[in-house]
Amino acid sequence: MTRYFTKDHEWIEVDGGNATVGITDYAQSQLGDITYVDLPAAGASFGAGDTAAVVDSVKAASDIYCPVGGTVTETNGALEGEPELVNTQAESGGWLFRMTLADAGQLGALMDQAAYEAYVKEL
Amino acid sequence: MRYLPLSEADRAAMLARIGATGIDDLFADVPKGLLLDGPVKGLPNHASEMAVERHMAALAGQNLAAGSAPFFLGAGAYRHHVPASVDHLIQRGEFLTAYTPYQPEIAQGTLQVLFEFQTQVARLFGTDLANASMYDGSTACWEAIAMATRVTKRSRAVLSAGLHPHYVATAQTMARFTGDTLVAATPQLVAEADDAALIAAIDGETACVVVQYPDVLGRIPDLARIAAAAQAQGALLVAVVTEPVALGLIEAPGKLGADIVVGEGQALGVGLQFGGPYLGLFGTREKYVRQMPGRLCGETVDAEGRRGYVLTLSTREQHIRREKATSNICTNAGLCALAFSIHMSLLGGAGLERLAQLSHQRARETAAALGAIPGVRVLNDAFVNEFAVVLPKDARTVVRDLADCGVLGGVSLGRLYPGATGLANGLLVATSELNTDEDIAALVAALKEVLA
Amino acid sequence: MSAPNAAGWRPEMSAAEGAAPPTSSGDRGLMLEEKLIFELAAPGGCGVDLDQPQGEVSPALGRFRRAEPAALPGLSEPEVVRHYTRLSRQNYAIDLGPFPLGSCTMKHNPRLNERVARLPGFADVHPLQPVQTVQGALAVINELAHWLITLTGMHGVAMSPKAGAHGELCGVLCIKAALEARGEHRPVMLVPESAHGTNPATAAFAGFAIESIPAGPDGRIDLAALKGRLGPDVAGVMITNPNTCGLFERDLKTIADAVHAAGGYVYCDGANFNAIVGKVRPGDLGVDAMHINLHKTFSTPHGGGGPGSGPVVLSEALSPFGPLPFTARQADGSIRLIEEADAAAAGHPHGFGRMAAFHGQMGMFTRALTYILSHGADGLRQVAEDAVLNANYVLRSLDDVLEAPYGHAGPCMHEALFTDHGMAEGFTTLDVAKGLIDEGFHPMTVYFPLVVHGAMLVEPTECESKDGLDRFIGSLRAVAERAKAGDPSLKAAPHHAPRRRLDETAAARKPVLVWRDPA
């Protein structure tokens, strides 16, 4: 399994043709207390960069972009009752949705862990 | 000028502090030629309190106030007795001159009122939740349609023939620009609303069916039956209540399966006011809370653990979501919501029931008296406090002639449905606890004279 | 004879010592807590004396009858008066002190306006009464319309919109209707990034795609960027003037000419018209549509969040598309109400219909007209001048302690903009706002506009005296200095309000929006 990162602070962990998507710990720290996560419907298809979810804090609603194109297979039901999981476990239990990849080649445009850490350090 | 505290000496000292030589230094960014060199031409200068009051009182005197004539108008705006304490309390400066409660630590008064208001509306409507109010019933009705399109991801709304034509027109204005499809119809002068025709119009592409309850002719549609039909097609039922007092007698729409209940709250606490400001009511199911338009007040605790209230779920709203907001609404009708809430706190559920019974009683008496006039037919079998009669001639003329006799006798269907010749002889008559036996006798006598 | 001050404090007594003890009631002197109305009484009572209904409910209603009355308490008048009076005392209000909310314009509400609005001839009139019985009410609409048209130098006005955002919608719909009438499809509306949130929300609602126009370094629209974006796909531009940084858009006339040359329309957000009323006519600036918040410029009460009223003045190009109904004075002096039946005959065949059920916010019209007649053309001009003078006085009295991002560029209009620059680590605009609450003031607008960091937008209005301004300035200075010094007590402010800071996260995560009976 390999984890990639976007400049918009999403992470995507790829396992063959399937992947899990969430936002990074850095992103959650910038957003503050998450109050609600608007997740896509299973079966929804997105292109790379499309808005796939919305993460609400008290005073802001932030669009979450699909890192690569694909189709949603499952969403994280635990977030319905506990949106704070995105704060406490952004890169594990606070994942947002799972998807199948339309074109694994799009992953090449993303960053690896080291590159993302360097990117965040520059912000 | 009695409203401006600065003296000439103050102004001079302040300009000196700023480093300006004159007031127009501060308007230096206005391009030359666009800054007026004196008061706008063609308008009078300031006037004393006495002079202004005299002018406005003269204009007020040119109107026939509802309270000074036998009065039987409804059709979306209703006259009930408003207890004196309501107007006294809404004039307290801390309510009247406060802003939207964005700083909750110093706005708990307004916020607690909104929380109580939301609870009162939800219990009146039989819905899980209600919002903190909207502009009026007609705009709330459109907001319900828009919400239904978001929930169902469909764009077709079926409007009942009994929906107030101004509500239909308001929705049509909006739908013309959003591209949603509205299916509307004109009512027929028959005793019962055509629920079957409405149900037949619901299809698998329908986002919602919008039903006024009681309808514009005072008839009472079978909401439970329509709700079941809507649900079978995956559509929502939007119930529209223009006379909240009617809900003292007939079942709450939420209890009958309505998914969204909207209404005009003016009848309680607010008054007629020639059409505004009024009070939009909006209730729905808990599961749709994040699709709701308008402000919401929620309970929480403060840093010391004390109960308190805040505006919440504001990420739905325009000031955060901008072009992705659920609605462009900004202002609600806070002071009207306060008036409604105070009136409701005095009445309670028991008082509302009695108020509805009294209004209904007057309607039964009025209907019986009008129905006894030769050539006049009462349309409805069932009604609460508003019903339709069919006259032997054009009701628009009759209404004007009644006014010349000093009687405000109702609303003609010709005014509401211009061009619908089949409705021209229809007259809507509404009553409330304020109508006396003498009022009813005066209406009957005047109508006989006008029809003679 | 007993001593007149036997029960009071005398200098020979020692000062009371120690922290105030808690009270058994939870109330503290005049700081009164208040339960919810549902906790004060159970359903079943009624505080209104109503006759016993004589006769039965119609048998035809039987199957529709409510199973049980709404579960709502009805309290006696003394209980209700006390409940709401106690609640009212937990509110800050313009009657208590300055309410310097930038862009919201909280000015004094003259009480004559309230008296006039309650005259039975205005308050107790039904919107569908025969027009011969409401000539005075129609005259109010007509007279106010005349003032609005004349003060703005525009061609027409739509009176029915129910609030500012509703007026915006009306104006944008007029633009859309005008484009449709020309047979043109222009899908894009340009909106500066400093705009009120209602602008993009409204344009999106009307089906336009929103494109943001950046601000230049002087806080005004980037003229070159805007001109570069104009083209056959652009319906128009929505501009606030004075803008939300409190600055006059110097180039508006140039912008309007360019927009018109490119076939578009200019919508002006009139939220800040109070800064220029009587001094500048928007019609002279090339504006095609502008809503006027009667509760801002013409001081109808905000009432804790409405009702508002948002008439829209229209240029000659857009007037034919305004909504129904409207008033028209006849040759015989009487006033007609033009509704659907008469629109075409009255020369208004292209109007886009109704914005709402009736004729607009009559209760606001009477108040606004009363305000306007009281001030007159000369007084309204003085209103704008004093509002601008007061704002500049605040700006120049505080720009040494708070960063004024555009202060170097010249005077502001009716509101002074500051940022959080220079505060101690971890201290924010929010802390300053909460500190002001402890000082007895309502905070300024915070975090708006979005174009500067940690915005604080102060709008004193013309209704503050110089002494009042000096007190406010002194308090804001003191709080700002605490924020710069990193005074930890400021992070916990307010200390002295009816409530401390509230947990808004908990409120949003698990919303409790109605009261439920304890299980």
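Visitor: What should I know before reading residue names here?

Guide: Residues are numbered from 1 along each chain as its sequence is written, and chains are lettered from A and ligands numbered from 1 in the order in which they are written. The model is predicted: local features need pLDDT of at least 70, side-chain atom pairs count only at pLDDT 80 or more, and totals for chains, interfaces and linings use all residues.

Visitor: How many helices and strands does chain A have?

Guide: Helices (H or I, at least four residues) and strands (E, at least two) are DSSP runs, numbered from the N terminus. Chain A has 4 helices and 9 strands, in the order β-β-β-α-β-β-β-β-β-α-α-β-α from the N terminus.

Visitor: What radius of gyration does chain A have?

Guide: The value is taken over C-alpha atoms, and the globule rule is 2.2 Å times the number of residues to the power 0.38. For 123 residues a compact globule would come near 14 Å, and the 13 Å of chain A agrees.

Visitor: In which sense do E5(B) and E6(B) pair, parallel or antiparallel?

Guide: Two strands pair if DSSP finds at least two bridges between them. E5(B), residues 236-241, pairs with E6(B) in the parallel sense over 4 bridges; Val238(B) stands opposite Ile260(B), and Val241(B) has Gly263(B) as its bridge partner. E6(B) also pairs with E7(B), residues 280-284, in the antiparallel sense over 5 bridges, with Ile260(B) opposite Thr284(B).

Visitor: How many residues of chain B are in contact with chain C?

Guide: Two residues are in contact if their C-beta atoms, placed from the backbone, lie within 7 Å. By that rule, 170 residues of chain B are in contact with 171 residues of chain C. Helix H11(B), residues 334-371, gives the largest share of the chain B side, 22 residues.
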